[in-house]
Amino acid sequence: MTLPIGSYVVEIRTGRVGRVMGHEGPYVQIRPLGGGREWDVEPDGVREATSAERLSAATAHVNARSRGEVP
């Protein structure tokens, strides 16, 4: 299954939520919701994020930004 660019996914091993930015070789390139450095994951290592997971990750980022923990 090829995940479309822009879709929200969860890395199964770590639980990190991100957005698909592209496909490079055998890997899916994912960027965290609040921006930042992309990381590569094998396609079978990710699944689509639920609406609740997307909302939770976005809220966590906004809260961290309000505390000055991220730019």
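Q: In this predicted model, which residues does Val9 contact, leaving aside neighbours within four places in sequence?
A: Contact here means heavy atoms within 4.5 Å. Val9 sits in strand S1, residues 8-11. Beyond its sequence neighbours, Val9 touches Leu3, Arg16, Val17, Gly18, Val20, Ile30, Val46, Arg47, Glu48 and Ala49.

Q: Is Val9 buried or exposed?
A: The cut-off for buried is under 20% relative accessible area. Val9 has a relative accessibility of 0%, so Val9 is buried.

Q: What distance separates the C-alpha atoms of Val9 and Glu48?
A: Glu48 is among the contacts of Val9. The two residues are 39 apart along the chain. Their C-alpha atoms are separated by 4.3 Å.

Q: Which residue in S2 is the bridge partner of Val9?
A: S1 pairs with S2, residues 17-24, in the antiparallel sense. Three bridges link these strands. In S2, the partner of Val9 is Gly18.

Q: Which residue takes a positive phi in the hairpin of S1 and S2?
A: Five residues lie between the two strands. One of the hairpin's residues has a positive phi near 85 degrees: Gly15.

Q: How many bridges join S2 to S3?
A: S3 covers residues 27-32 and runs antiparallel to S2. Gly22 stands opposite Gln29 in S3. The hairpin of S2 and S3 has two residues between the strands, with Gly25 in the turn at a positive phi of about 60 degrees. The number of bridges joining S2 to S3 is six.

Q: Which residue lies over the face of Trp39?
A: A search of the whole structure finds zero aromatic pairs. Trp39 does have a residue over its face, at 3.6 Å from the ring centre. That residue is Arg16.

Q: Is Glu11 buried or exposed?
A: Glu11 forms a salt bridge with Arg13, with the closest N and O atoms 3.4 Å apart. Arg13 is exposed, at 72% relative accessibility. The relative accessible area of Glu11 is 6%, so Glu11 is buried.

Q: How far apart are the closest N and O atoms of Arg47 and Glu53?
A: The structure holds four salt bridges, and Arg47 with Glu53 is one of them. Arg47 is partly exposed at 34%, and Glu53 is partly exposed at 23%. Their closest N and O atoms are 2.6 Å apart.

Q: What separates the end C-alpha atoms of helix H1?
A: H1 has 16 residues, 51-66. At 1.5 Å a residue, the helix should span 22 Å. The model agrees, because the end C-alpha atoms are apart by 23 Å.

Technical notes: Residues numbered from 1 in each chain as written. Predicted model: local features only at pLDDT ≥ 70, side-chain atom pairs only at ≥ 80, totals over all residues. Heavy atoms only, no water. Helix = DSSP H or I, 4+ residues; strand = E, 2+ residues; numbered from the N terminus. Expected span 1.5 Å × (residues − 1). Buried < 20%, exposed > 50% of the residue type's maximum accessible area, 1.4 Å probe, protein only. Pairing = 2+ DSSP bridges. Phe/Tyr/Trp six-rings, centres within 6.5 Å; stacked < 30°, edge-to-face > 60°. Lys NZ or Arg CZ within 6 Å of the ring centre and 35° of its normal. Salt bridge = Lys/Arg side-chain N within 4 Å of Asp/Glu carboxyl O.
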